[in-house]
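Here is a short briefing on one protein model. Please look over the sequence and the fold before reading on.

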Amino acid sequence: MEVHRLSLLVNRRQRRRERQHKSLHRRVNQVGLGCGFLFSVFLVFSLVLSGVFYVNLTSNLPSLETLPVLLNSLDGQLLQPTRLYDRSGEHLLVSLDNPNITRRYLSIDPALPDHISPKFVQASLSILDPTFWQSSGVSWTNWAELRPVTIAERLVSDLLLERESPGLRRALRMRLLAAQLVSQYGRASVLEWYLNSAWFGHLAYGVESASQLYFGKPAGELTLAESIMLVAVIDAPALNPL
């Protein structure tokens, strides 16, 4: 009898453990299904939210095709001074330019007759964008920085997004355009465009105008010291040689 009762007791405990195990397994499965459902809902929500954010970010994004028109080496619009007319649009009121200084487009290729001093190109890259020739045009480590970091970002900020209010949306749009700009036109074109359009204060746009205004000499003849001074003016046009 003792052996029989002991056997029944063992069997009952074993069945109880099996029922507990099945119950635990069922609860784990239910929790897993619930977590999977919540994750799926979160994933769908994230995808929808990302899509809405991307559409908003790229809405009315300026066209990169504007830059070749503005910076054409022969008749680019930025080679012309800003002119203010009356309401009729026929009578010129004032022309914003420096007398006796013609805006000219110069190449960064020293083999061409009209070129920027290699010393100025070197100083610009060393100070403004040391990794320019290896960069995609974007500093993603500074993705939330509101100000432009790379030369490509500077060019986009100055010429394509100048009317947009500062903020994270503008910063992201700037970096998106900068990456597209380098991919579409190449680093050499981006560098040449920027050096021919940067503002140096006193209505001097482009390195040739700045060199003529501040040093009375062509940009192709700039020394290293003069180049460093002019590059510093890009970041602080109010602190210029005058």
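This is a predicted model: local features need pLDDT of at least 70, side-chain atom pairs count only at pLDDT 80 or more; totals for chains, interfaces and linings use all residues.

Residues are numbered from 1 along each chain as its sequence is written, and side-chain values use heavy atoms, with hydrogens and water left out.

**Overall fold**

- The protein has eight helices and two strands. Helices (H or I, at least four residues) and strands (E, at least two) are DSSP runs, numbered from the N terminus.
- From the N terminus on, the order of elements is α-α-β-β-α-α-α-α-α-α.
- Of the 242 residues, 34% count as buried. Buried means under 20% relative accessible area, exposed means over 50%, and partly exposed lies in between (1.4 Å probe, protein chains only).
- Take the contacts (heavy atoms within 4.5 Å) with a separation of 6 or more: residues 24 or more positions apart account for 60% of them.

**Nonpolar core**

- In soluble globular proteins, nonpolar side chains tend to be buried together.
- Here the largest nonpolar core has 45 residues. Such a core is a set of buried Ala, Val, Leu, Ile, Met, Phe, Trp, Tyr and Cys residues joined through side-chain atoms within 4.5 Å.
- F120, L155 and F200 have the most contacts inside this core.
- Several helices each supply at least two core residues, including helix 2 (66-70), helix 6 (187-195), helix 7 (207-215) and helix 8 (224-235).

**Helix 4 and helix 5**

- These two helices pack at an angle of about 115°, with their axes 8 Å apart. Axes are lines fitted to C-alpha atoms, for helices over the stretch in contact, and angles run from 0 to 180 degrees between N-to-C directions.
- On the helix 4 side, A152, E153, L155, V156 and S157 take part; they meet R170, M174, R175, L177, A178, L181 and V182 in helix 5.
- E153 also forms a salt bridge with R175, with the closest N and O atoms 3.2 Å apart. A salt bridge is a side-chain nitrogen of Lys or Arg within 4 Å of a carboxyl oxygen of Asp or Glu.
- E153 lies in helix 4 (residues 151-159) and R175 in helix 5 (residues 168-185), so the pair ties together parts 22 residues apart in sequence.
- E153 is buried at 0% relative accessibility, and R175 is buried at 0% too.

**Other salt bridges**

- The structure holds six salt bridges.
- R104 pairs with D114, the closest N and O atoms being 3.0 Å apart. Both lie in the loop between strand 2 (92-96) and helix 3 (118-128), so this bridge ties together parts ten residues apart in sequence.
- R104 is partly exposed at 35%, and D114 is partly exposed at 43%.
- E226 bridges to K217 at 3.1 Å between the closest N and O atoms. Both residues are buried.
- Salt bridges with shared partners join R104, D114 and E208 into one network.

**Loop residue I116**

- I116 sits in the loop between strand 2 and helix 3 and is buried at 0% relative accessibility.
- The C-alpha atoms of I116 and L106 are 5.9 Å apart, though ten residues separate them along the chain.
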